Amino acid sequence: MKRLDMRSADMTQQQLHALRTLFPHCVTEAHDAHGQVTLKVDFDLLKQELSPVLIEAQQERYQLNWPGKRQAIVAANTPIAKTLRPVPAESVDFDNTQHLFIEGDNLDALKLLQETYLGKVKLIYIDPPYNTGNDFIYRDHFATDTDTYLKASGERSQTGERLTANPESNGRFHSDWLSMMYPRLKLARNLLREDGVIFISIDDNEVHNLKKICAEIFGEDNFVASIIWQKKFSPQNDATYISDMHDYIIVYAKNTKQSKNDSYGLNIDLLPRSDEQSSSYVNRDNDPRGAWTSGDLSVKSYSAQYDYPIITPSGRTVTPPKGTCWRVSRDRFAELVADNRIWFGESGDNVPRLKRFLSEVQAGVVPTTWWPYQEVGHNQEAKQELKRLFPETDDIFDTPKPVRLLKRILELTMRHDTDAIAMDFFAGSGTLAHAVMEYNAHDNGRRRFMLVQENSPRTSTSRDSRITFPTIAEISKERIRRAGAQILRDWQAAHHTPATQNFLVQTAPLAPDVGFRVLKIDSSNMHEVFYVPDRLVQGQLALLADNIKPDRTSVDLLFQVMLDWGVELSLPIGRQRIGRHDVYTVAGNALVACFDTHIDEELVRALTHLQPLRVVFRDGGFVSDAVKINVSQIFAQLSPLTEVRVI
């Protein structure tokens with residue numbers, strides 16, 4: 001039952017609505033006195049609409065602008081004092097896996113990864129929140145359901161009463177959505193390889209704006225395609241006007257090849273031919289070159305030189321259809337006949353057609369922008385996939401994507417890049433990770449996924465899983481665990497038959513990597529001592545004795561060092577005991593770290609035998625100042641290529 005508003009009519013809003021009906025482009029978005037985005041009239045544009053002559057105004061230019069754009073640019077460039085803390089207890093095969101799951105705000109994650117993964121990611125796929133106005137409001141540093149947002153913004157009281165009219169339109173401004181997306185896409189571009197590509201799922205509400213900000217960030221020349229994915233297999237009879245059946249997938253490259261001679265840039269692989277497509281190739285005349293199909297020999301671009309009569313083997317004379325000509329000259333046609341590349345039909349009386357052999361055509365077919373559900377799945381298929389993984393609950397996630405859709409994207413971009421990185425910083429239910437593991441199991445690849453998901457409340461209305469999986473991040477991690485276990489079981493069943501057990505161990509394919517490291521965004525491991533001297537008090541001087549927070553472990557410190565030093569977070573980590581100290585190694589001798597206290601010259605000399613590329617210690621961890629001073633000299637003498645640092 002609706003509650004009475006108990007207030008007089010807001011005439012300004014009514015008049016604004018009437019004006020928007022007459023001149024929709026004259027009503028725009030702007031900040032009000034409180035800094036909130038609201039609708040405002042562009043009076044300069046309205047004057048021009050109501051004037052028969054040109055009114056001088058500021059110089060026109062082509063651009064996309066909105067309230068908050070400058071803040072969005074600043075947000076992308078502002079540094080943060082945070083780190084990634086490993087959580088082995090929530091991970092799978094933490095020490096050996098090369099997959100990453102980062103939990104926390106994706107803007108923070110993208111900033112933290114700038115040093116380590118700059119120019120290293122082959123594929124980014126994201127399915128960002130659609131700007132529907134009634135699902136949830138996503139803003140930097142938090143994501144809440146609509147009810148929580150309305151209370152926080154003053155549009156609904158703490159007891160639930162509606163305070164403003166038309167709440168579905170609140171929080172749906174284009175400006176808020178653009179300000180959320182812009183810095184993330186800007187940082188994401190930095191992570192892409194020179195031949196990298198980004199695929200972005202979106203619906204009609206923001207597809208036009210998404211293409212504009214992508215053109216600004218990636219460049220118009222790097223637009224690849226606007227793919228139409230048929231997300232539903234049947235129409236909705238309760239649709240208000242027309243049942244929507246599709247979403248878009250916008251594709252931009254880091255660099256498209258401007259010419260065939262370019263040595264770098266995007267490559268899109270061909271799709272394998274389907275059985276139906278291959279069935280059109282038949283060897284009707286037992287040609288030794290194999291199966292073939294025939295194509296039209298005439299073209300519409302007319303040339304009198306290529307307009308000539310042809311006599312068929314049966315003796316009939318044929319000419320090209322009116323207004324067309326043959327695609328080859330007389331001499332070339334004679335060569336094709338001599339090479340048995342012209343088909344006149346079984347009786348030799350048909351119009352000639354050019355034979356095209358399957359062995360000579362491309363190894364696949366060029367992908368198109370139309371992706372029907374029969375080829376890549378639909379929404380219901382995606383929900384059924386989750387249902388099979390979570391049989392104990394219903395409707396655990398509202399908007400998953402089907403695995404087949406993501407595998408199609410992997411097939412186009414990473415079929416031959418079998419150890420490349422695929423990233424999704426709006427991970428949702430974790431479909432990309434599922435697809436990567438399945439694809440690796442199929443072709444024995446070692447592709448790596450890197451997912452980022454904020455620890456935001458789940459939005460599904462199903463009650464039976466709300467306690468077990470209270471956040472989207474928990475759903476995503478559990479989905480990867482269960483999918484990985486099933487993929488590994490299927491792989492073992494396929495590769496451990498009696499026939500394969502006779503092969504030598506070294507010839508057997510490696511089991512797919514179905515683990516992942518969980519890393520959570522947190523404040524820096526270092527004490528944030530930003531006090532000026534005249535504001536220090538006696539009790540704060542103790543902070544200067546040890547610059548590391550007391551609740552942080554050596555593994556925490558190791559990962560912050562890897563971030564700061566640009567060492568990939570998926571590299572294998574080892575731990576060994578040398579004397580009384582724990583020593584960590586990353587990728588053999590790429591990085592050696594010891595964060596213990598009471599480090600003496602005996603340990604330092606032992607570490608030089610590892611010949612590490614980099615070595616790091618705790619600044620206050622040496623047994624004496626003399627040892628700290630001598631460390632660099634010892635490494636310079638015994639391991640001169642080692643770079644020595646302290647934190």
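**Entry 1: ground rules.** I am working on a predicted model, where local features need pLDDT of at least 70, side-chain atom pairs count only at pLDDT 80 or more, and totals for chains, interfaces and linings use all residues. Residues are numbered from 1 along each chain as its sequence is written, and side-chain values use heavy atoms, with hydrogens and water left out.

**Entry 2: ring pairs.** I started with a cluster: F218, F223 and Y252 are linked by ring pairs. Rings of Phe, Tyr and Trp (its six-membered ring) pair if their centres lie within 6.5 Å; planes under 30 degrees apart are stacked, over 60 edge-to-face, the rest tilted. How many aromatic pairs does the structure hold? I found 10. I then looked up F223 with Y252, which is edge-to-face, at 5.3 Å centre to centre and 65° between the planes. F223 belongs to strand β9 (residues 223-230) and Y252 to strand β10 (residues 246-253), so this pair ties together parts 29 residues apart in sequence. Strands (E, at least two residues) and helices (H or I, at least four) are DSSP runs, numbered from the N terminus.

**Entry 3: accessibility of that pair.** Buried means under 20% relative accessible area, exposed over 50%, partly exposed in between (1.4 Å probe, protein chains only). F223 is partly exposed at 30%. Y252 is buried at 3%.

**Entry 4: charges over rings.** I counted a charge as over a ring if NZ of Lys or CZ of Arg is within 6 Å of the ring centre and within 35 degrees of the ring normal. The charged end of K355 sits over W292, 4.8 Å from the ring centre. R517 lies over the face of F94, with 5.1 Å to the ring centre.

**Entry 5: I472.** I placed I472 in helix α14 (residues 472-495). Is I472 buried or exposed? I472 is buried, at 9% relative accessible area. Leaving out residues up to four places away in sequence, I472 touches F397, G428, Q453, S456, P457 and R458. Contact means heavy atoms within 4.5 Å. I472 and S429 lie 43 residues apart in sequence, yet 6.9 Å apart from C-alpha to C-alpha.

**Entry 6: helix crossing.** The axes of α11 (residues 379-389) and α14 come within 10 Å and cross at roughly 75°. The two helices are therefore roughly perpendicular, a class that covers 65 to 115 degrees. E385, L386 and L389 of α11 meet R479, R482 and A483 of α14. By class, this contact has 3 nonpolar, no polar and 3 charged residues.

Definitions and conventions
Axes fitted to C-alpha atoms, helices over the stretch in contact; angles between N-to-C directions. Parallel < 35°, antiparallel > 145°, perpendicular 65-115°, else oblique. Nonpolar A, V, L, I, M, F, W, Y, C, P; charged D, E, K, R; others polar.
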